[in-house]
Amino acid sequence: MSSAQHSRIYCLIIVLLCTASLSNSQCFAEESRQPNVLFLISDDLNTRIGCYGDPNVKTPNIDRLAARGTRFENAYCQFPLCGPSRNSMLCGLYPDATGILRNAQIFRETIPTRQSLSHAFRMQGYFAARIGKLYHYNVPRSVGTNGHDDPASWELEISPAGCDRLIEEPDIFSLKKGSFGGTLSWYASPRPDELHTDAILAEEADWVLDRCAKKNDRPFFLAVGFFRPHTPYVAPAKYFEPYDLKDMPVIEGADVDVRDVPPPALLSRKKEQDLLTDDLSRQAIQAYYASTTFMDAQVGKVLDSLDRHGLADNTIVVFTSDHGYHLGEKGLWQKQSLFEQSARVPLIIAAPGSSGGKVASSPVGLVDLYPTLTDFCNVEVDAEMHGQSLVPMLDDASYQGRGYAISQVLRNARKKDKEINGYTIRTPRYRLTLWDEGKKGRELYDHDHDPLEQTNLLYGDGAKDANTASVERELTNLLHAEMKKAMPADGRPEVKNQNWVIDLTNP
Ligand SMILES: [Ca+2]
């Protein structure tokens with residue numbers, strides 16, 4: 001072989017190598033265009049925050065996220081309780097299809113082959129990490145453990161515990177001595193931010209984002225689940241200062257308000273709440289607000305970290321909560337009602353390349369987040385979805401989409417023969433709620449005239465006007481159609497208590 005032939009062959013090899021490496025780098029470039037996801041979720045946060053129009057509560061960081069994204073004015077959880085809501089949201093299915101209607105259970109016990117939201121991202125090469133509470137946790141006892149987590153959902157899990165869990169429990173005031181998770185309880189901590197669990201979560205998020213920025217060969221799905229303002233409302237004392245006790249809004253006239261409400265609607269009330277005087281109510285509201293502002297400050301640290309690491313331009317950011325929260329409305333506190341205060345959640349999505357400060361008002365659900373994020377990030381999913389993609393609303397906030405949201409709850413969940421199922425549908429104008437198919441009560445509220453849901457248009461046995469009757473009929477049909485879509489042919493999947501760590505070698 002002549003040297004000319006040699007050099008031609010070398011040239012050919014070099015050209016082939018270059019072509020191969022070019023197509024590789026093009027391929028990487030294409031992959032790296034898949035956006036990252038930063039999924040921020042608060043626990044038990046209602047819409048009493050600045051960008052939702054609350055005049056008192058200070059949430060400058062959530063507000064600035066809203067200013068650069070789309071705020072969903074009418075977003076609803078599918079079940080106003082941690083475990084069922086989070087399983088529904090992270091599976092993209094209604095609770096009747098996940099079979100999870102109680103806390104301390106996970107969908108791997110009912111529908112083990114379902115890919116959770118972050119699991120779907122993992123299967124397409126994303127790095128998925130969890131910091132804090134995404135699935136159900138027994139708060140505060142499980143803080144510092146993985147709680148009722150799904151290991152297949154994450155490549156990395158970080159579950160820190162701060163002074164609120166490790167040191168301060170003996171100092172926390174509670175309506176029921178020694179009970180902090182399900183009972184109204186609060187404490188203005190003398191310790192600084194950085195010792196508290198939620199601040200440690202933000203610090204860990206900074207560490208993970210630093211790693212993602214330095215080693216950016218794969219897009220990431222980072223989920224950060226804050227524990228506040230879930231009870232116990234523990235926050236550093238300085239966050240209590242902006243909230244003067246005398247200014248805390250105590251609800252009056254709840255007894256009159258609920259006279260037209262069927263009894264199952266009020267069954268979330270807890271006995272110890274009879275102990276709440278007006279003064280204790282003010283303290284509870286103050287501590288809830290303080291915890292909200294403290295959590296907001298931690299959201300700010302994570303958003304700052306995203307900016308500092310140069311990741312904001314290619315990251316879609318979601319901020320939400322697992323359900324809303326009563327602070328005395330209807331005589332109720334906490335969650336598990338189907339009224340607006342408990343079913344409604346804050347939801348903000350800031351997508352790269354989208355203009356900010358938009359407000360979408362058509363009703364949407366947390367069940368929509370799975371199809372939205374997979375759609376936006378081009379993550380292929382070949383599975384049934386009960387939600388809709390909200391991507392069109394990120395472009396045009398006036399887009400109506402499906403136009404309604406469904407929530408449900410289970411009463412007497414521990415007494416099988418006394419169970420009552422409640423379902424509610426929220427349209428842009430109305431909320432219709434049926435208890436045991438209406439046999440145990442019906443409610444209809446007209447939000448155009450009654451945003452606080454104080455007049456049940458279906459109360460009493462008297463004749464209804466033609467319009468009310470027609471709205472009731474139309475919404476009942478819509479609700480039934482959606483319930484039918486959610487319920488598997490052979491009923492809710494049964495919970496089989498088992499070890500839910502699935503075989504990751506054959507996912
Ligand atoms: Ca919760």
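**Contacts, helix packing and backbone geometry in the predicted model**

Apart from its neighbours within four places in sequence, Arg-68 is in contact with Ala-350 and Gly-356. The structure described here is a predicted model, and in it Arg-68 occupies the loop between H2 and strand E2 (70-72). The C-alpha atoms of Arg-68 and Ala-350 are separated by 6.1 Å, although the two residues stand 282 residues apart along the chain. Arg-68 counts as partly exposed because 18 other C-beta atoms lie within 10 Å, a count that falls between the limit of 12 or fewer for an exposed residue and that of 20 or more for a buried one. A contrasting relation between sequence and space is given by Arg-473, which is placed in helix H13 (residues 466-486). Arg-473 and Met-487 are 14 residues apart in sequence, and their C-alpha atoms are 21 Å apart in space. With 10 other C-beta atoms within 10 Å, Arg-473 is exposed.

The UniProt record, in an unreviewed entry, lists residues 35-375 as "domain: Sulfatase N-terminal".

The largest nonpolar core contains 131 residues, of which Leu-40 and Leu-222 touch the most other members. Helix H9 supplies the largest share of this core, with 13 residues. When neighbours within four places in sequence are left aside, the contacts of Leu-222 are with Leu-38, Phe-39, Ala-129, Ala-205, Val-208 and Leu-209.

Helix H9 also takes part in two helix pairings. In one of them, helix H7 (residues 197-214) and H9 pack at an angle of about 10°, and their axes are 9 Å apart. H7 is therefore roughly parallel to H9, as angles under 35 degrees are classed in this way. On the H7 side the contact is made by Asp-198, Ala-199, Leu-201, Ala-202, Ala-205, Asp-206 and Leu-209, while H9 contributes Phe-294, Met-295, Gln-298, Lys-301, Val-302, Ser-305 and Leu-306. By class, the residues of the contact of H7 with H9 comprise 9 nonpolar, 2 polar and 3 charged. Ala-205 and Leu-209, which belong to the H7 side of this contact, are also among the residues in contact with Leu-222.

In the other pairing, helix H2 (residues 60-67) and helix H9 (residues 278-308) pack at an angle of about 50°, with their axes 7 Å apart. This angle makes H2 oblique to H9. The contact joins Pro-60, Asn-61, Ile-62 and Leu-65 of H2 to Asp-296, Ala-297, Val-299, Gly-300 and Leu-303 of H9. In the contact of H2 with H9, 6 residues are nonpolar, 2 are polar and 1 is charged.

Helix H3 (residues 82-91) is largely enclosed by the rest of the structure, because 10 of its 10 residues are buried. The buried residues of H3 are Cys-82, Gly-83, Pro-84, Ser-85, Arg-86, Asn-87, Ser-88, Met-89, Leu-90 and Cys-91. These buried residues pack against helix H4 (95-98), helix H5 (117-123) and helix H11 (369-376). Just after H3, Gly-92 adopts a positive phi of about 70°.

Lys-330, in the loop between strand E11 (326-327) and strand E12 (333-334), has a phi near 60°, which is a positive value in a residue other than glycine. Lys-330 counts as buried because it has 23 C-beta neighbours inside 10 Å. A positive phi, near 45°, is likewise found at Asp-436, again in a residue other than glycine, and Asp-436 lies in the loop between strand E19 (430-435) and strand E20 (441-446). Asp-436, with 15 C-beta neighbours inside 10 Å, counts as partly exposed.

Cis peptide bonds are present in two further loops. The bond from Val-139 to Pro-140 is cis, with omega near 5°, and Pro-140 is located in the loop between strand E4 (127-132) and strand E5 (156-158). The bond from Thr-231 to Pro-232 is also cis, with omega near -5°, and Pro-232 is found in the loop between strand E8 (220-225) and strand E9 (233-236).

Terms used. Residues are numbered from 1 along each chain as its sequence is written. This is a predicted model: local features need pLDDT of at least 70, side-chain atom pairs count only at pLDDT 80 or more; totals for chains, interfaces and linings use all residues. Axes are lines fitted to C-alpha atoms, for helices over the stretch in contact, and angles run from 0 to 180 degrees between N-to-C directions. Helices (H or I, at least four residues) and strands (E, at least two) are DSSP runs, numbered from the N terminus. Angles under 35 degrees count as roughly parallel, over 145 as roughly antiparallel, 65 to 115 as roughly perpendicular and the rest as oblique. Two residues are in contact if their C-beta atoms, placed from the backbone, lie within 7 Å. Ala, Val, Leu, Ile, Met, Phe, Trp, Tyr, Cys and Pro count as nonpolar, Asp, Glu, Lys and Arg as charged, and the others, Gly among them, as polar. UniProt positions are given in the numbering used here, feature names are shortened, and annotations may be inferred rather than shown by experiment. A nonpolar core is a set of buried Ala, Val, Leu, Ile, Met, Phe, Trp, Tyr and Cys residues joined through C-beta atoms within 7 Å.
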